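Me: I would like to learn how to read sheets and helices from a model. Please take me through an example.

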Amino acid sequence: MTVHRRTPLPTGPARGRLLVAESVLAPTRAALQASSGSDGRRHEGIVLWLGRVQDTATLVLAAVTPPAVTSPGRVHLDEHTVGAVARTARAHGLGVVAQVHSHPGEDTRHSDGDDQLVLMPFEGMFSLVVASYGTGALDPDQGLGLHQHQDGRWVRITDPTAVIIIPAHLNTQESR
């Protein structure tokens, strides 16, 4: 399935890096794959990533699955829901720093709707698109769609090294 895209999608390098705690990946994948309707059909899903932005580094520490309006080809969050998640994040010294959502097929480019429906985008914000209702890769080298808000528009990031996964357990034996 190809994404509905009529306008050009700019491509380019990331401005900064997206540093993701490994512990965020499994709950993100589970939430995307669990998104379905009352009829049992799979739906697009969405997860908001919480963390901090320091200079050009975006550090992701937690994932939140907010209630959303979903369908097999669409997912939507309203402003009240995003606001509630943002307030909860701020209460813990964090912010909404990225969004992750799924598409039905293999096309992980932002659709025209994705460009318009991200609430509260900010310069440098990341948006990730996972293929096949969340069963696709969470790695840009393997098909994850990585986008960043740059100069007031969404840009598809061409450099897969922009995402760095921080291992849950660092082997301290090797650093001696």
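This is a predicted model: local features need pLDDT of at least 70, side-chain atom pairs count only at pLDDT 80 or more; totals for chains, interfaces and linings use all residues.

Me: What is the strand order of the open sheet?
Reply: Helices (H or I, at least four residues) and strands (E, at least two) are DSSP runs, numbered from the N terminus. Two strands pair if DSSP finds at least two bridges between them. Here nine strands form an open sheet with mixed pairing, in the order β1-β10-β9-β8-β7-β3-β4-β2-β11. β1 (11–12) and β11 (163–166) are the edges; each has a single partner strand, so one side of each lacks a neighbour in the sheet.

Me: How many residues of β8 are buried?
Reply: Buried means under 20% relative accessible area, exposed over 50%, partly exposed in between (1.4 Å probe, protein chains only). In a regular strand, side chains alternate between the two faces of the sheet. In β8, five of the five residues are buried, so the strand is largely enclosed by the rest of the structure. Phe126, Leu128 and Val130 cover one side, Ser127 and Val129 the other.

Me: Which way do β7 and β8 run, parallel or antiparallel?
Reply: Parallel, joined by five bridges. Serine 102 stands opposite valine 130 in β8. β8 and β9, by contrast, pair in the antiparallel sense over four bridges, with valine 129 opposite glycine 145 in β9.

Me: Where does helix α2 pack?
Reply: An α-helix has 3.6 residues a turn, so residues three or four places apart point the same way. The buried residues of α2 are Thr81, Val82, Gly83, Val85, Ala86 and Ala89. They pack against β3 (46–54), β4 (57–64) and β7 (95–102), where contact means heavy atoms within 4.5 Å.

Me: What caps the N-terminal end of α2?
Reply: Aspartate 78: one of its side-chain oxygens lies 3.0 Å from the backbone nitrogen of histidine 80. Just after α2, glycine 93 has a positive phi of about 75°.

Me: Is aspartate 112 buried or exposed?
Reply: Aspartate 112 lies in helix α3 (residues 112–117). Its relative accessibility is 15%, so it counts as buried. Leaving out residues up to four places away in sequence, aspartate 112 touches His4, Arg5, Arg6 and Thr7.

Definitions and conventions. Residues are numbered from 1 along each chain as its sequence is written. Side-chain values use heavy atoms; hydrogens and water are left out. A polar contact is a pair of N or O atoms within 3.5 Å; within protein, one must be able to donate a hydrogen and the other to accept it, and residues adjacent in sequence count only if both atoms are side-chain atoms.
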